[in-house]
Every structure is written in C-alpha cells, then in structure tokens.
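Please look over the entry below before reading on.

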2 protein chains.
Amino acid sequence: MASIKDVAAEAEVSVATVSRVLNDHPSVSAAARVRVLAAVDALGYRPNAVARSLRTDQTRTLGLVISDVLNPYFTELARSVEEEARALGYSVIIGNADERPELQDHHIRTLLDRRIDGLLVSPTDGGSPQMLDAALAGTPMVFVDRWIPGLDVPVVRADGTGAVRDLVAHLHGLGHRRLAIIAGPAATTTGSERVEAFRDALAAYGVPLPDVYIGQGDFQAESGRRVTEGFLDLPVPPEVVFATDNLMALGALDAVRARGLRVPDDLALAAFDDIRWFVHTDPPITAIAQPTGDLGRAAVRAVVDRIEGRAPASVTLPARLVVRSSCGESSATNRSQP
Amino acid sequence: MASIKDVAAEAEVSVATVSRVLNDHPSVSAAARVRVLAAVDALGYRPNAVARSLRTDQTRTLGLVISDVLNPYFTELARSVEEEARALGYSVIIGNADERPELQDHHIRTLLDRRIDGLLVSPTDGGSPQMLDAALAGTPMVFVDRWIPGLDVPVVRADGTGAVRDLVAHLHGLGHRRLAIIAGPAATTTGSERVEAFRDALAAYGVPLPDVYIGQGDFQAESGRRVTEGFLDLPVPPEVVFATDNLMALGALDAVRARGLRVPDDLALAAFDDIRWFVHTDPPITAIAQPTGDLGRAAVRAVVDRIEGRAPASVTLPARLVVRSSCGESSATNRSQP
DNA sequence: AACGTCGATGTAATCGATTCCACAAGGAGG
DNA sequence: CCTCCTTGTGGAATCGATTACATCGACGTT
C-alpha cells in the first residue's frame with residue numbers, strides 16, 4: 001500500500017509538503033498542491049490512520065459498550081450513536097457485553113488499548129475496576145441508559161417515573177389490583193429504578209407490591225419466562241406482569257403461551273421499552289417508549305464536548321406510555337371489563 | 001498514560017527487554033522478567049495498540065460491514081461474528097450500511113484506512129469501486145449472506161432453494177394458487193435469488209409467477225407495506241405474500257392491519273429469515289430460518305484463514321422451513337381448508 | 001542599499017512499539 | 001587455554017504520519 005513517501009516521490013516534493021496538502025495547511029503553493037493531488041490520485045493513496053493516530057494522539061473514534069446487541073433497544077441506540085458520531089467526524093467501535101461483566105471489561109480494556117478518544121458505556125454491573133480506571137485515567141466517558149452512582153461521569157438517560165405512573169393509572173383504571181414486576185439485575189440502575197418507580201406509583205393507589213410479586217430477571221428472555229412461570233405457580237397469581245425490558249416481556253409471552261393461557265384474560269402484560277413488533281404481537285403490547293434516538297445523539301454530543309474541551313452535561317429525557325391491548329380493554333376508553 | 005519507556009526506566013532495563021517480556025520471547029532472564037512484570041503492574045501499563053499496529057503492520061481487527069443493524073438477522077450475525085473473532089484473538093469493528101451504497105462505501109473506506117486485517121461484507125449493491133479496490137488491493141475479504149458475482153472472493157451464505165421449495169409445497173398443499181413475492185433490491189444476490197427460487201418452485205407445480213405478483217422492495221419495513229398495499233389494490237389480489245426478509249414482512253403485516261383485514265384469512269404471509277418475535281405475532285409467522293450463528297462463525301474462520309495464509313473456502317449452509325399458522329391451517333396436518 | 005517580513009519548502013525529530021544486530025559473559029569442547 | 005556457541009541484553013532502525021525549526025527567495029520599506 002502506497003505511503004506518504006511514495007506520494008512525495010511521485011510529486012517530487014517532500015513528505016512535509018504532502019502532509020500539508022492533505023491537512024490543507026495554508027502555505028502550500030498552488031503548483032505543489034496540484035502535483036500532490038495528482039500523485040495521490042495516481043497512486044490511490046489513502047493516509048494510514050494508524051500512523052496518524054500515533055503521531056497526533058487522537059483516533060477520532062468513540063467506543064460504545066452496550067449491554068446486549070440482541071436487544072432492539074440497544075441496537076437502535078447504537079445506530080443513532082453511530083449516526084451522530086459520523087456527523088461530527090468520529091467513528092464508533094461497538095462492544096457487546098451480553099449482560100456479562102467480564103465481557104464488558106474485556107471490551108473496555110480493548111477499546112482503551114486502542115486509544116479511543118471517548119467512551120460511551122451502558123454498564124452491566126455496579127462498576128468494575130476497568131471502568132473506574134478508565135474514568136479515573138481521564139478518558140472522556142459518558143454513561144448511557146444505565147449508570148454507576150458516585151462517579152463524576154455525565155449520564156444520558158430516560159426518566160421513566162412519569163410513564164410508570166401513567167402505566168399504573170392505566171392498570172388500576174382497568175381494575176387490576178394484583179400487579180407484579182419482572183426486575184432487571186439489582187446492580188444496574190435501570191434494574192432497581194424501575195422497580196422503585198413501580199412501587200411508588202402503586203403506593204399512590206394504596207396498592208402494595210409484595211415481595212413474591214417481584215421477580216428477579218436479568219434482562220434476557222429466558223429469565224422473563226422463568227419468572228413468569230413462578231408467578232403463575234403462586235397460590236394467588238398476579239393479574240398483571242410488568243416486564244422491565246422487552247426481552248423479558250418476550251419470555252413472559254413464551255411462558256403464558258406454553259401453558260395455553262391468554263394475554264390479557266389470564267394475565268395482563270406490559271413492558272418497558274417499546275419495539276416495532278409490539279404492534280403485531282398477540283395481543284399488541286402496552287409499553288413504555290424511550291426516546292432512544294435522542295438519547296444516542298445526546299450521549300455522543302456529551303462525550304464529544306468533553307473530548308473537545310467543553311463541559312459536558314448530563315441529560316434526562318422523559319419516557320412515555322404507549323397503550324395497546326395487552327392489559328385488557330381498548331386504549332381509548334378506560335372502562336373496566338364488562 | 002505510561003509508555004514502554006516508563007516501564008523500562010522503572011524496571012531498569014531497556015525497552016527491548018520490556019518488549020521481549022511482553023511478547024514472551026524466550027531469551028529473557030527470570031530476574032529481568034519479574035522486574036519488568038512488577039513495573040508493568042506498578043504503572044498500570046498497557047501496550048499502545050496503535051503503536052504496535054504501526055510497527056507490526058497488523059491490527060488483529062476484522063471489519064464487518066452489514067446491510068442494516070436494525071434487522072435482527074444481521075445483529076445476530078454480528079454477534080456470532082464477534083464471538084468467533086474474539087475466540088481467535090481478533091476484535092471486530094462493525095459498520096452499518098443501512099442498505100445505502102454510499103454509507104457502505106464510507107465504512108469500507110474507513111475500515112481500510114484503519115488497516116484492518118480482514119473484511120467481512122454483506123454488500124448492499126452490485127459492487128462499488130471501493131469494494132473492488134479492497135478486493136484487488138489484496139485485503140483479505142469474505143462475503144457473508146450476499147455476494148458479488150464475478151469476484152474471486154469466498155462466500156459464506158445460506159442456500160434457501162430447498163426451504164423455498166418446501167414453503168411452496170406447504171402453500172400449494174393449503175390450496176393457495178395465487179402467490180406473490182416481495183423481492184429485495186435486484187442488485188443484491190439475496191434479492192434476486194429468492195425470487196428465482198420461488199419462481200422455480202412454483203413452476204414445479206405449474207403455477208406461474210406473473211409480474212404483477214412480484215413487488216419491488218428494498219429490505220426495509222416501509223417497502224413491504226407499500227408493496228403489500230399495491231397487491232391488495234389489484235383487481236385479483238394474491239392469496240399469499242412471501243416477504244423475502246423479516247422487516248418487509250413486518251411492513252406487510254402493517255398494511256394488512258391498516259385495512260382491517262386478517263392474516264391468513266384475507267392474505268396469507270410467509271417470510272425469509274426467522275426471528276424470535278414471529279412466534280408471538282398475530283398470527284405466528286411461517287418463515288425460512290437461516291443458520292445465522294453458523295454463518296457468522298464460518299465467515300470469520302474463512303477470513304482468518306486468508307489472513308494467516310491458509311486457503312479460505314466458500315461455505316453454503318442450508319436454510320429450513322419453519323411452519324406456523326400465517327399461511328392458514330395447522331402446521332402438523334397439511335389438509336386443505338375445510 | 002540594507003533590512004525585516006512573509007510565503008513556500010525541506011530536514012529531522014517525534015509518537016510507542018518491535019526487531020535486527022552487536023556485544024558481553026559464561027559454559028562446553030577440543 | 002583457546003575457540004566457539006549460547007544466552008541475555010542494549011542500541012538503534014523502523015513503521016507512516018505530523019510538525020517545529022531552518023532556510024531561501026522575493027518583496028516592501030526606509
């Protein structure tokens with residue numbers, strides 16, 4: 001592959017001049033510029049990003065470590081992150097943690113070794129040594145969706161409390177009184193926050209959230225299935241299950257179906273995170289939708305702000321309830337079952 | 001960030017010795033080794049991958065350019081690719097083309113600039129100059145899922161002809177005679193191949209595939225919706241629509257639903273690419289499943305073979321039909337409608 | 001006419017690793 | 001006791017860029 005030396009030789013100038021033309025430095029004569037450009041063209045020369053990064057100490061690359069690529073929420077996030085980054089002249093390297101802390105660490109380490117300029121993380125756990133090191137070592141970093149309390153790192157996330165309140169109002173209005181939740185890992189903020197929001201919203205109606213109605217999931221479909229089966233085996237099963245992510249909702253659906261039961265008649269279902277397929281499931285699923293694209297874009301702007309020396313800001317955007325028919329009744333009229 | 005020089009100073013050896021320890025070169029004394037390791041530990045030193053790549057002319061990185069991250073098929077592919085690559089000691093950088101040739105080119109160019117060791121591509125078009133250059137310039141390259149005819153590049157893909165034949169048998173058995181297809185872009189192999197397979201399978205039953213029953217889509221949901229509306233507006237609409245990817249099937253479902261019609265009674269539906277949600281859609285969707293994980297792994301092994309000097313082989317794996325209820329009747333018994 | 005300024009260019013240092021080569025010390029073999 | 005080989009080590013070149021510094025005309029000013 002042609003190097004800058006080859007271009008210099010071809011254009012009969014020094015490598016310095018070639019470099020100047022490429023980085024359009026002002027003091028280059030028009031004549032030299034055309035000769036260099038012609039040489040670049042003739043040789044099909046492309047600057048070696050590796051060499052450039054070594055010298056300039058910047059890679060114009062962002063690392064994004066997400067909890068699970070197979071979760072549509074995160075792939076949408078990844079897409080918007082890449083889009084905004086590209087618009088700002090950065091590339092993105094995605095690391096998929098698969099909800100496993102050790103994999104997350106592997107990716108953070110690898111990304112740091114590559115000297116990425118900034119890091120976007122949606123942590124799977126309460127904070128591994130790797131991540132703390134990264135934060136401490138001064139690599140510009142921003143948390144997306146989930147975060148780790150106590151670290152001085154900006155957070156870009158959606159606030160679901162209002163939407164959860166709306167959801168509980170909706171469920172209560174439909175006459176449901178025994179409400180259960182499938183929680184995510186307690187080590188994640190989204191895991192615990194959503195349970196809190198749910199509990200608080202129920203409290204406003206004087207409805208308790210007993211421990212047996214709190215199932216421990218891990219944001220994966222299988223755990224949603226397992227927890228839902230547990231609920232159905234209870235002496236007094238819940239009337240509604242609120243899955244705190246879309247994959248666990250899928251698992252819940254699997255469990256209900258396996259028993260030959262029906263949603264919402266035998267068990268109503270709602271989910272956190274709205275995805276396109278929820279419109280076409282049987283029945284269409286009521287969900288809380290996050291402004292995913294906005295989150296991704298805001299997160300990129302935040303890291304880039306830090307990278308380029310501006311002060312980055314945390315961002316919190318509201319989520320909203322999307323009512324469909326998986327909790328019973330139609331969406332428009334809130335009458336209780338006949 | 002600490003460099004190899006700092007480590008050398010701390011351990012009171014030369015940088016050469018540090019490098020030897022790090023790459024466990026045989027001739028280093030035990031004493032030197034422990035001193036270096038201690039220094040590495042004390043400084044929290046991690047080798048700069050950028051510098052290393054510049055010197056060794058290898059990045060131990062694979063580029064993967066996929067057509068659309070929002071398509072679950074491709075995200076599953078990406079996941080298995082990353083997994084296998086990691087097992088072989090490589091990292092993966094994913095580029096999302098969003099089915100847009102110019103974006104695909106952008107990513108290929110960026111990846112090449114970064115001097116990735118190998119490239120995995122699922123081309124969105126018939127072959128851009130970028131891609132040809134990459135192939136010609138000798139960057140180890142493998143096509144996954146889709147490919148470009150006439151290039152001497154190994155292809156790892158699923159063969160759907162058998163499954164399509166099974167699908168047509170299933171549909172014919174159910175009494176369907178007016179079968180339509182939503183094709184992908186003609187420039188992609190999967191776009192044209194699936195239509196051919198469908199046409200051939202129909203021919204075996206003496207059923208024609210008229211042009212009006214071939215809708216032109218682009219592998220995105222919106223095109224599936226549009227094409228399906230067109231079908232429904234026909235004087236003699238088809239009885240079945242076969243969407244050649246899962247997103248267009250989603251669009252088709254949208255279109256049917258928007259008209260207040262039902263699947264399969266008013267229009268039966270089948271799709272290429274099976275995804276988890278198809279089990280829970282209303283109705284569950286009959287689909288052709290690809291061995292996605294196997295494809296991803298095989299593709300990685302193929303590029304790595306080329307990178308490491310072995311001869312890479314093309315791989316073709318069979319897809320299989322998964323019958324559900326979106327085409328009418330039950331899956332087990334193939335009797336025609338009562 | 002002498003001098004300072006400015007634009008265009010080249011030389012060489014530099015980034016952080018790897019690796020070739022030279023060299024010293026020590027052991028084996030004659 | 002001398003040579004030869006092996007082992008461990010350091011110096012320095014190298015990868016492909018960027019950039020500080022030096023140089024050299026040409027030009028304008030006094």
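This is a predicted model: local features need pLDDT of at least 70, side-chain atom pairs count only at pLDDT 80 or more; totals for chains, interfaces and linings use all residues.

**A threonine and its surroundings**

Visitor: Which residues does A:T281 touch, not counting residues up to four places away in sequence?
Guide: Contact means heavy atoms within 4.5 Å. Not counting residues up to four places away in sequence, A:T281 touches A:L253, B:W277, B:H280, B:T281 and B:D282.

Visitor: Is A:T281 buried or exposed?
Guide: Buried means under 20% relative accessible area, exposed over 50%, and partly exposed in between (1.4 Å probe, protein chains only). A:T281 is found in the loop between β9 and β10 (286-289) of chain A; helices (H or I, at least four residues) and strands (E, at least two) are DSSP runs, numbered from the N terminus. Its relative accessibility is 1%, so A:T281 counts as buried.

Visitor: Which backbone oxygen does the side chain of A:T281 reach at 2.9 Å?
Guide: A polar contact is a pair of N or O atoms within 3.5 Å; within protein, one must be able to donate a hydrogen and the other to accept it, and residues adjacent in sequence count only if both atoms are side-chain atoms. A polar atom of the side chain of A:T281 lies 3.2 Å from the backbone oxygen of A:F278. At 2.9 Å, the side chain reaches the backbone oxygen of A:P283.

Visitor: Which residue of chain B comes closest to the rotation axis?
Guide: Copies are superposed by least squares on the C-alpha atoms of residues with pLDDT of at least 70 in both. A rotation of 180 degrees with 0.0 Å of shift along its axis places chain B on chain A (RMSD 0.1 Å). The two copies are thus related as by a two-fold rotation axis. The chain B residue closest to the axis, at 2.0 Å (C-alpha), is B:T281.

Visitor: Which residue caps the N-terminal end of α11(A)?
Guide: After the helix comes A:G260, with a positive phi near 75 degrees. At the N-terminal end, a side-chain oxygen lies 3.3 Å from the backbone nitrogen of A:L247, and the capping residue is A:D245.

Visitor: Which element gives the most to the surface near DNA strand C?
Guide: A residue is near a strand if one of its heavy atoms lies within 4 Å of it. Of the 25 residues around DNA strand C, those that come nearest include A:R20 and B:R55. With 5 residues, the element that gives the most is α4(B).

Visitor: Which element gives the largest share of the surface near DNA strand D?
Guide: A polar backbone atom of A:N48 is 2.6 Å from a phosphate oxygen of DNA strand D. The largest share, 5 residues, comes from α4(A).

How values were computed: Residues are numbered from 1 along each chain as its sequence is written. Chains are lettered from A and ligands numbered from 1 in the order in which they are written. Side-chain values use heavy atoms; hydrogens and water are left out.
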